[in-house]
Amino acid sequence: MRASPAFQFVLNRFGVWRCGVGALAALAITALLAWLGTRAEPLPPLELAAWAGALFGVAMLGGSLMRMPAVALRWDGRQWWLARVSPSRGAAAEVDAMPGDIEVALDLGGWMLLRFRPQPALSPRPRYRPRWPIGHAQSTWLPVQRLGLEAHWHALRCAVYSPRPAPARDAADPS
């Protein structure tokens, strides 16, 4: 079986993701306000403050989920790499590249939600530690849409669904 060919592209278009998050946040705020509007008696000040906090929290969460920095995703034929793209150095400059694996969490044909899991470092101090706001040490969620990636879309879908090559065996390994 042949492995998928190597490729690299920059993820910087998140229109579908932003529309979806915005719609869910708007629906949540609408539901909270509709429930609040159906009450016959006025709310006590403490409950009103809690509702205002909930509305503010939903708006802030929606706003934070809409912000997605540009990242470079690379498949070298054996390993996935994810890197932050430095806006000051241009789209080709990668910062903090880390190896990992990709899983498909949701596939809607022209849009996918991918989960990037960094490889655990072999040393006691992790060498590849994400220092950017798109995830944490366990996983990073990547909303990927076909729009803007038409030339790479087929290769990306083949790579995320194809079996991974067997890990290279160490020459000193007797087994």
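Which residue of β3 does V71 stand opposite? It's R84, and we'll come back to that pair once the overall layout is clear.

**Getting your bearings**

What you're looking at is a predicted model, in which local features need a pLDDT of at least 70, side-chain atom pairs count only at pLDDT 80 or more, and totals for chains, interfaces and linings use all residues. Residues are numbered from 1 along each chain as its sequence is written, and side-chain values use heavy atoms, with hydrogens and water left out.

The pLDDT (the predictor's confidence in each residue, from 0 to 100) averages 79 over the protein, and 77% of the residues score at least 70. Residues 122-135 are a stretch to treat with care: pLDDT stays under 50 there. For that stretch the model has 24 contacts beyond four places in sequence, where a contact means heavy atoms within 4.5 Å.

The protein has three helices and six strands. These are DSSP runs, numbered from the N terminus: H or I over at least four residues for helices, E over at least two for strands. Along the sequence they follow the pattern β-α-α-β-β-β-β-β-α. Of the 175 residues, 30% count as buried. Buried means under 20% relative accessible area, exposed means over 50%, and partly exposed is in between (1.4 Å probe, protein chains only). Among contacts between residues at least 6 apart in sequence, 61% join residues at least 24 apart.

In α2, the buried residues are W51, L55 and G62. Looking down the helix axis, they fall within an arc of 35°, so they line one face of α2. The face of α2 turned away from the buried side carries P45, L46, F56 and L61, which are exposed. L48 also sits in α2, and with 44% relative accessibility it counts as partly exposed. L48 and L36 are 12 residues apart in sequence and 9.4 Å apart in space, C-alpha to C-alpha.

What do the buried residues of α2 pack against? Their partner is α1. The buried residues of α1 are W17, V21, A25 and L32, and they pack against β5 and β6 as well as α2.

Then there's α3, where W153, L156, A159 and V160 are buried. They cover an arc of only 140° around the axis, which puts them on the same side of α3. A151 and H154 are exposed on the other side.

**Strands, a hairpin and a core**

The hairpin of β2 and β3 has four residues between the strands, and in it G77 takes a positive phi near 100°. G77 is buried too, with a relative accessible area of 12%. Although G77 and R164 are 87 residues apart in sequence, their C-alpha atoms are 8.6 Å apart in space.

β5 (residues 111-118) is mostly covered, with six of its eight residues buried. Six bridges join β5 to β6 (residues 140-145), and the two run antiparallel. In this pair, W111 stands opposite Q145.

Finally, the largest nonpolar core has 26 residues, and W80, L142 and L156 have the most contacts inside it. Such a core is a set of buried Ala, Val, Leu, Ile, Met, Phe, Trp, Tyr and Cys residues joined through side-chain atoms within 4.5 Å. The largest share, five residues, comes from β5.

Technical notes:
Arc of directions from axis to C-beta. Pairing = 2+ DSSP bridges.
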